[in-house]
Amino acid sequence: MGYQFADVQNFIKSLYPDATKIAPLSKGGWSDAFEFSLNNNTFVIRFSKYDTDFRKDLYANNFVGSNLPIPKLIKIGNAFDGYFAVSERAYGEMLDQLSIGKMRATIPSLLNTFDSLRAVDISKTIGFGSYKPNGNAPHKTWADFLLDALNDNPERRVHGWYQIIKNSNFGTQVFDDGLKIFQQLALTLPNSRNLIHYDLLNSNVMVNDNKISAVFDWGCALYGDFVFELATFTFWSPWIDGLKDIDWLKIFKEHFVNIGLDVPDFETRLFAYELYIGLEHMGYNAFIYGWDNFEKCSNVVNDMLISMI
């Protein structure tokens with residue numbers, strides 16, 4: 001990626017001649033974002049080599065009104081060597097950049113967001129795993145998706161990660177051992193089906209006045225067990241300043257009691273999903289040659305395996 005600002009300005013002007021206040025926002029893993037003003041409103045335009053994530057965002061417009069504050073995607077099209085998407089602009093601090101004090105104050109709103117995700121009606125769609133732009137997902141069961149996702153599939157963007165690990169100084173032993181254990185755990189997981197964002201802690205959630213003000217970038221969204229979403233918080237929290245001193249397991253369990261939600265085998269499911277996240281991100285970090293984060297994920301996976309002995 002790495003789009004030249006002058007080129008972006010010219011492109012936005014070609015779409016919206018009256019656009020003003022064009023400015024860069026951020027670079028994500030798969031897209032670059034800019035903002036602009038038009039008719040007293042502010043919008044975000046993103047550029048990417050891939051259009052699938054944008055089309056998943058477009059489908060996420062269907063979730064608006066489900067107590068999820070999702071900025072509406074307005075337009076998708078071709079740009080440069082790939083695609084662009086224009087969305088409404090949201091404001092606030094990024095959830096994963098909050099101080100510990102602000103994070104604690106935001107927890108009630110965050111729990112409501114988890115509840116809202118779990119409650120979204122996806123009955124008109126089919127399948128498990130990453131949903132396609134039409135809203136349907138390709139796998140027949142939740143376990144099928146999880147196990148397939150840990151294969152180095154040639155059709156995926158990050159194909160080649162396993163060979164990269166194999167050729168590295170780390171080798172594949174930890175991954176291979178972790179995969180064997182996860183293959184056993186996957187068969188015990190419930191085949192439940194809820195909406196999962198799966199990327200809430202990657203500058204994709206905004207907070208304003210201790211309330212979740214925007215949830216965007218649905219490129220990683222899935223259908224499956226809602227506990228999977230919670231595992232992203234228990235797994236990543238030790239590495240994020242605003243989350244690491246919070247007992248998320250206790251908070252989740254207390255919340256289930258407060259809302260009268262029975263979650264059988266919660267800690268077993270959470271453990272399985274944390275193991276999956278570690279394994280998946282070993283692959284991703286190998287693909288981008290992010291060896292520091294690879295080693296962190298590998299150490300977590302190894303510690304989890306040791307805890308089972």
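Predicted model: local features only at pLDDT ≥ 70, side-chain atom pairs only at ≥ 80, totals over all residues.
**View 1**
Helices (H or I, at least four residues) and strands (E, at least two) are DSSP runs, numbered from the N terminus. Two strands pair if DSSP finds at least two bridges between them, and β7 and β11 are joined by two bridges.

Is D225 buried or exposed? D225 counts as buried because its relative accessibility is 0%; the cut-offs are under 20% relative accessible area for buried, over 50% for exposed and partly exposed in between, with a 1.4 Å probe and protein chains only. The D225 side chain has a polar contact with the side chain of Y273, at 2.6 Å. A polar contact is a pair of N or O atoms within 3.5 Å; within protein, one must be able to donate a hydrogen and the other to accept it, and residues adjacent in sequence count only if both atoms are side-chain atoms. Beyond its neighbours within four places in sequence, D225 is in contact (heavy atoms within 4.5 Å) with W142, P190, S192, I196, R269 and Y273.

Strand β1 (residues 20-27) runs antiparallel to strand β2 (residues 32-38), with five bridges between them. A hairpin of four residues links β1 to β2, and A23 has E35 in β2 as its bridge partner. E35 also has a bridge partner in β3, namely V44. Seven bridges hold the antiparallel pair β2 and β3. Their hairpin has two residues between the strands, and N39 in the turn has a positive phi of about 55°. Strand β3 (residues 41-48) is largely enclosed by the rest of the structure, because six of its eight residues are buried. On to strand β5 (residues 82-88): β3 pairs with β5 in the antiparallel sense over six bridges, with S48 bridging to Y83.

How many salt bridges does a search of the whole structure find? The search finds ten, each being a side-chain nitrogen of Lys or Arg within 4 Å of a carboxyl oxygen of Asp or Glu. One of them links E93 and K102 at 2.7 Å, N to O. E93 is partly exposed at 36% relative accessible area, and K102 is partly exposed at 36%. Another joins R118 to D115 at 2.9 Å, N to O. R118 and D115 both sit in helix α3 (residues 100-119), three residues apart, about one turn of the helix; D115 is buried, at 16%. Between K253 and E267, the closest N and O atoms of the salt bridge are 2.7 Å apart. K253 belongs to helix α8 (residues 248-259) and E267 to helix α9 (residues 266-287), so this pair ties together parts that are 14 residues apart in sequence. K253 is partly exposed at 37%, and E267 is partly exposed at 43%.

**View 1. Two nonpolar cores.**
A nonpolar core is a set of buried Ala, Val, Leu, Ile, Met, Phe, Trp, Tyr and Cys residues joined through side-chain atoms within 4.5 Å. The largest one has 78 residues, and those with the most contacts inside it are L95, Y131, W142, W218, F233, W248 and Y276. Helix α9 gives the largest share of this core, ten residues. Apart from neighbours within four places in sequence, W248 is in contact with M103, I107, L110, F233, T234, S237 and L243. A second, separate core has 16 residues, among them Y3, A19, F36 and L38.

Notes: Residues numbered from 1 in each chain as written. Heavy atoms only, no water.
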